[in-house]
Amino acid sequence: MFKLIHLHLDEDRTMAPKNGRPGKRATHELTLGRRRFLTIGLTALVANSVAARLLAATQSAPASSLEVSIEQFSSAGKSEGIVRVAKIVKADAQWRTQLSALAYGVTRRSGTEVAFSGEYASNHADGIYRCICCDTALYDSKTKFESGTGWPSFWQPISAMNVVKSADSSLWMQRDAISCRRCDAHLGHVFDDGPRPTGLRYCMNSVALHFAPRA
Ligand SMILES: [Zn+2]
């Protein structure tokens, strides 16, 4: 609409005679020009709001869930701020192609790797753990602790924005599952028997993560 305003004002200006002061006819045309612009402008405004309402009506729920806010981190683990990004949604066949069978089973089918079988339970290296599916930063090694469970354990995610907690009543247990905000990958569960300062234990599957040494 603002582009329209400029366009029409420019058009109006061209109606003025070259001496700079619009004559009677020019002034009349200028007024007509503005009136026309107002009509067009208002029509555009109404059309826009109708289009917006139609769009909202047809796409309401899915459209709002197609974007998510996550906190981005550098390879040094430094926050680069909150960004609005497209949610990653892929067909099952695409995930199967991208991931190992085990990673697919855990992240896309809410499976659990065998305790002590993963490569990160005993990883003490300094760095950042990211989602195996979409590379979103999930945990900093600074919050990793030795839980003795055979699964990599952390007392907090790198950002509360990057994970989602949801009730999980599978296997006759009441647990809180943790998944990746951006791609919905199942990562593991969180329990309230962790160490200080949070008292939480984010019990993750190694195969759902990708570790990158701090750079
Ligand atoms: Zn992810």
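Student: In which sense do strand β3 and β4 pair, and over how many bridges?

Tutor: Strands of a sheet pair through backbone hydrogen bonds, either parallel or antiparallel. In this predicted model, strand β3 (residues 127-131) pairs with β4 in the antiparallel sense, over three bridges. Within this pair, Ile128 stands opposite Asp140 in β4.

Student: What is the order of the three strands in that open sheet?

Tutor: The order is β4-β3-β11, with antiparallel pairing. The edges are held by β4 (137-140) and β11 (209-213), and each has a single partner strand, so one side of each is left without a neighbour in the sheet. On average, neighbouring strands of this sheet are turned by 30° against each other, direction ignored.

Student: Which order does the open sheet of six strands have?

Tutor: That sheet runs β5-β6-β10-β9-β8-β7, again with antiparallel pairing. Here β5 (144-145) and β7 (163-168) stand at the edges; each has a single partner strand, so one side of each lacks a neighbour in the sheet. Further in, β8 (residues 175-180) and β9 (residues 186-191) pair over four bridges in the antiparallel sense, and Asp176 stands opposite Val190 in β9.

Student: Which residues of the largest nonpolar core touch the most other members?

Tutor: They are Leu138, Cys180, Met204 and Ala208, in a core of 32 residues. Elements that each supply at least two residues of this core include α4 (101-107), β3, β4 and β8.

Student: With which residues is Cys180 in contact, leaving aside its neighbours within four places in sequence?

Tutor: Among them are Cys131, Cys133, Cys134, Leu138, Val163 and Leu187.

Note on methods: Residues numbered from 1 in each chain as written. Predicted model: local features only at pLDDT ≥ 70, side-chain atom pairs only at ≥ 80, totals over all residues. Pairing = 2+ DSSP bridges. Axes fitted to C-alpha atoms, helices over the stretch in contact; angles between N-to-C directions. Core = buried A, V, L, I, M, F, W, Y, C linked by C-beta atoms within 7 Å. Buried ≥ 20, exposed ≤ 12 C-beta atoms within 10 Å, placed from the backbone. Contact = placed C-beta atoms within 7 Å.
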